Amino acid sequence: MNAAEHIVECYFRHVLKCLTITDVKVVNGINRQCDLLAANIKEDKYYHVETSVTHMIMWAPKVEELKAIFDAKFIGIPKEKENSNSEWKKGVTYFENIKKTYRLFGLPPSKVTRVFVCWIVKDRESVQKLVDKYKKKYGIRVEVMSFKETILPRLVDTVGTSNYDDEILRIISFLKELEKQR
C-alpha cells in the first residue's frame, strides 16, 4: 500500500466509519487485486476502491482512461494483447472472480459501490455519462472521487489533535497542531 492508498484507507475508516481491508487478492485472478474493500455495516454500504493519485493536474485521467481503468479493475477485463495466448485474445474476464472475492469478505456484490480515486475529476459531465453506462451495462455503481477536493479536506476536518496510532492520522494531527500554534 502506497501513501495515497493509505490516506484513502484512512478516509474510508476514519471519515466514513468503514471496516477496511487492503490489497485483497482476487480469487483465482492471476496477478489481480483490489486496493481496498470497505464496509460500513451500520449503514449497509460497501465499497471496492482503487486509487491512482498523481498531483499534476495535466495527468488527471480522461474519460477514455477511466473506461480502461474501470474495465480492468471493476469488470476484470484484461489489457488488449494480440498474442494468441493472451487472456484478452482468449476472451477471459475476471468479473465473476471479483464478485466471488467480495462475497468471501461478506460484501454483497449487488450493493458494492466501485470507487476510483484520482487527484481531480475533469469533465464531470462526461464522467457521469460513463458511470451511467456501467450501471446500465453491468448493473454496477461506479463513482470517481477527488483526492484533492474530497478525500484530503474531509479527512483533515475529522482528525483532531489527539495521539493517533495510525501514522497518517498522526501526521495530520501534528500538522493541525502546528497550524493552531502559528
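Phe70 is buried, with a relative accessible area of 0% (buried means under 20%, exposed over 50%, partly exposed in between, with a 1.4 Å probe and protein chains only). Tyr134 counts as buried too, at 4% relative accessibility. This is a predicted model: local features need pLDDT of at least 70, side-chain atom pairs need 80 or more, and totals for chains, interfaces and linings use all residues. Residues are numbered from 1 along each chain as its sequence is written, and side-chain values use heavy atoms, without hydrogens and water.

Now look at the two rings. Their centres lie 5.4 Å apart and their planes meet at 85°, so Phe70 and Tyr134 form an edge-to-face pair. Rings of Phe, Tyr and Trp (its six-membered ring) pair if their centres lie within 6.5 Å; planes under 30 degrees apart are stacked, over 60 edge-to-face, and the rest tilted. Phe70 sits in helix H2 and Tyr134 in helix H5, 64 residues apart in the chain. Helices are DSSP runs of H or I with at least four residues, numbered from the N terminus. Phe70 and Tyr134 also belong to one aromatic cluster with Phe74, Phe95 and Tyr138.

Next, step back to the helices. H2 covers residues 63-75 and H5 covers residues 124-138; their axes are 10 Å apart, at an angle of about 30°. Axes are lines fitted to C-alpha atoms over the stretch in contact, and angles run from 0 to 180 degrees between N-to-C directions. Among the residues that meet are Leu66 and Phe70 in H2, and Leu130 and Tyr134 in H5 (contact means heavy atoms within 4.5 Å).

Key
Helices (H or I, at least four residues) and strands (E, at least two) are DSSP runs, numbered from the N terminus.
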